[in-house]
Amino acid sequence: MKEGGRLMKPLTQPMFYVLLSLREKRHGYEIMQFVEELTQGRVVIGPGTLYALLSRFEKDGQIDLVRKEQNKRVYQLTERGEKLLNGEIHRLEEMLEDAKRCER
Amino acid sequence: MNWKWEINYLNINNYPYMEEHFESMAKKGWMIRKVMGGVFFIYEKICPKSLEFSITPYEMETLFTKKTKEELEEFHSVSERVGWEFVLKSFDLHVYVKEKGKKTVPLTTDEEEEFQNLEMIAKRYLKGQYVLLPILLLSNWFAFGLILNSVEGFKNGMIQWMGFFFPIALILSLLHIVDLRHFVKVNRENVKQGKSLEFSKKYQKISQLLMSLCYLLLLVMILYILYSILVLKNGVLAVSLLPLLIGLSMGMIYRNVIKPWRKNLLFKKGALVLTFILTIVLTLPTSFIAFDVLLGNHRELNAKPCGSSTIDREEGVLRRNRSLLVPVSYETVCESKKETIRTEYAKTLTEKTGEKLVVLYVKKEKEVLIGQYAPLVEKSFKTGIYEPSLQEVGLTKEAFEEYLMQEHGKEKAWERIYNESITEDSANWDVDEAYYLRKEKDVLVLRRGREVFYFEGVDCTKPHDVDKVKEILQRDES
C-alpha cells in the first residue's frame, strides 16, 4: 500500500477500526462503543490503545480535531486518513479474494 | 503512621512488575498514591484489599508538543467510564486501579500498538540521553580537572559537588541508553514474530540507587546554593544563578505556552529557535549589569577576619566559600587605580589538604610565569638572541648564553626561572611553609597547620608590609 509515494505497513486491527469509526465525527468514548457494536464485541479497544492512536493519527494528519466539547474532543478523518483507510480496505479485499480462490 | 515511602523504580521497560508490586502492597494495606521522579514511591495506609493495577503509557510531551490538561482529563474520564480509577501519573506512565474481579475493558488491548507507543517514548528518551551524554562527559572532565588541578576547585563547594554528581549522572545516562536500546531491540523482534512484549528488571536496583543519589545530590546542591547566598553572602553565586533562572523561565514559557499550542511543526521549530535566541539575548546583559551592582553593594569588610587584606585600607569585595576539602575560605580583593591587593584565607580539612593547596598555588603561579614568559623564552632560544625582559624573572644574559650551549638548555632555563621567582622562606615567617611566588616578593603563600594564606599586592621587601601580614596571621579566624 502506498501513501504519498511511501510504502505503508498494513494497518493493525485497532488502527483500522479507529479510522473506520472516524468516517463520522466521534469522540473517544463513542469510538470505543462504535467499534464494539460494529464488531458485536469481537473487537474491543481500550482507552490506552485508543488515545495513543488518536495522538499518532492527528500528528500524521490522518484525522483532524473538529470540535471540543466539555472534556471531549471530537475527531474526523481527513482526506489523507480516508486514502489510508481505503487503501487498507482494498488490500483486505484482495486478500479475501485470494483466499476465496483457494477454497476447496 | 498513615503514610510511608519507599525507593523503587518505575520506567517504561519494567512497569508490569510494578503493577504486581502495587497489588502486593495493597494486599498488605498500602495504597500507592504518588511516584516522584520515578523513584520515590509514597503509599497511604488502607484496609488490606485485593486490587488490580494497570499501568498504561500515554505520551505526554515531545520536543514540540505537550498534552493539555483537558486532553489528560478526557483520557482519565474515558478510562473511568470503562471501570478504571486513575491513581497517579509518573512521566508518560499512567497508573490505574480497579477491584480484583471487576469486569472492565483492559486499558491496553493491543500489544503491537502498545509497543509502538513505548518505542516512540523510548526513542524520545534516547534522543535526550544522546544529547546529554557529551555534555556529561565534558562536565566530568571539567569538574575533575578543576578539583585536581586548581585552587578554585579545592575551595569551591559547587565544583566539588559536580565531582560527585556528574560521574553518577554519566553512569546513569549510559545505563539508560543500554537498557532502553535493548528493550526496543528485543521487543521489535517480538512484535515481528507475534510474541508478547518482554519487560526487564535487570537494572532495577542499580537504576534506583543511582537515580536516588542524583536526586539527593540535587537537593544538596539547592541547600548549598541557599546556604552560600543567604549565610555566606556569596553574591557571585547569586549573580551566576540569574542566567540559569532566565533560561529556566524561558524554558517553562516554551513548555507551557508554545508546546500545547495546536500549530504546525514549522511554527513550533521557529518558536523553539526564537526562545533560544531570546534567552541568550536576555541572559548576557543581565550578567554584566548584575556584576556591576554586586561590586557596588558589597563594600562592607570591616568585620571580616583575617581578610582585611589591605595594608592600609579596609575595604574591598569579600567572597566566602565552603567546600568539603576546604570547609572555610575567604577571598578579598581591594582595588585602587594604582594597585590590586588580594587576600585569600583557607582552613583546609586536613594538614595534607593544606599542603596540596600550597602546591596548587605554586603551580598556578608557574602557569602565570609560563603564560607571560614562554613566548620570550621560545623566541630567545630559537634566534639565540637574549630578550632583556627575561632579566625580570632571574634569567640573566650570562645564564641564558650558558643554557643555549647545553643539551636541554631550555628546560634548565625554565628551572632557573622557577627557582628565581618562587622562593621558600618559612623560617622568617615562623610558619610550616612560606613561599614568595614572584621575584618581586609581592605574592606570598603561607601555611600554618591547616590554615593557608595567600597575599597578592603586598611588598615583602618593606618591613611595614611584612608586619601587617604578620599581624593578620595573628588574628583569630572567627
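1. Two strands pair if DSSP finds at least two bridges between them. Helices (H or I, at least four residues) and strands (E, at least two) are DSSP runs, numbered from the N terminus. By that rule, strand 2 (residues 30-36) of chain B pairs with strand 3 of chain B over six bridges, in the antiparallel sense.

2. Some ground rules. This is a predicted model: local features need pLDDT of at least 70, side-chain atom pairs count only at pLDDT 80 or more, and totals for chains, interfaces and linings use all residues. Residues are numbered from 1 along each chain as its sequence is written, chains are lettered from A and ligands numbered from 1 in the order in which they are written, and side-chain values use heavy atoms, with hydrogens and water left out.

3. Stay with strand 3 of chain B. Strand 3 covers residues 40-45 and also pairs with strand 1 (residues 3-7) of chain B, antiparallel, through five bridges. I7(B) has F40(B) as its bridge partner in strand 3. The hairpin of strands 2 and 3 of chain B has three residues between the strands. In that hairpin G37(B) takes a positive phi near 60°.

4. A second hairpin in chain B deserves a look. E85(B) stands opposite V97(B) in strand 6. Two residues lie between the strands of this hairpin, and F91(B) takes a positive phi near 55°.

5. Most residues other than glycine have a negative phi, and most peptide bonds are trans. H408(B) sits in the loop between helix 10 (397-405) and helix 11 (409-421) of chain B. Accessibility classes here are buried (under 20% relative accessible area), exposed (over 50%) and partly exposed (in between), with a 1.4 Å probe and protein chains only. F91(B) counts as partly exposed because its relative accessibility is 49%. H408(B) counts as exposed because its value is 53%. Both backbones are worth checking by eye.

6. Now the packing. A nonpolar core is a set of buried Ala, Val, Leu, Ile, Met, Phe, Trp, Tyr and Cys residues joined through side-chain atoms within 4.5 Å. The largest such core has 57 residues. L10(B), F22(B), I32(B), F41(B), F53(B), I55(B) and V87(B) touch the most other members. Helix 5 (residues 157-192) of chain B gives the largest share, 14 residues. Another core, of 34 residues, lies apart from it; L54(A), L85(A), L72(B) and V78(B) are among its members. In soluble globular proteins, nonpolar side chains tend to be buried together.

7. F22(B) shows the local detail. Contact means heavy atoms within 4.5 Å. Leaving aside neighbours within four places in sequence, F22(B) is in contact with I32(B), V35(B), F41(B), Y43(B), F53(B), I55(B) and V95(B).

8. Chain A has four helices and five strands. Along the sequence the pattern is β-β-α-β-α-α-β-β-α. Three strands of chain A form an open antiparallel sheet in the order 3-5-4. Strand 3 (26-27) and strand 4 (63-69) of chain A are the edge strands, each pairing on one side only. Strand 4 of chain A is joined to strand 5 (residues 72-77) of chain A by six bridges, antiparallel. K68(A) has R73(A) as its bridge partner in strand 5.

9. Overall figures for chain A follow. The C-alpha trace spans about 55 × 35 × 20 Å along its principal axes. Of the 104 residues in chain A, 44% are buried. Among contacts with a separation of 6 or more, 51% link residues 24 or more positions apart. Chain A exposes about 6100 Å², of which carbon and sulfur atoms supply 46%; accessible areas come from the Shrake-Rupley method with a 1.4 Å probe.

10. Last, L213(B). This residue is in helix 6 (residues 204-230) of chain B. L213(B) counts as partly exposed because its relative accessibility is 31%. L213(B) and F164(B) are 49 residues apart in sequence, and 9.5 Å apart in space, C-alpha to C-alpha.
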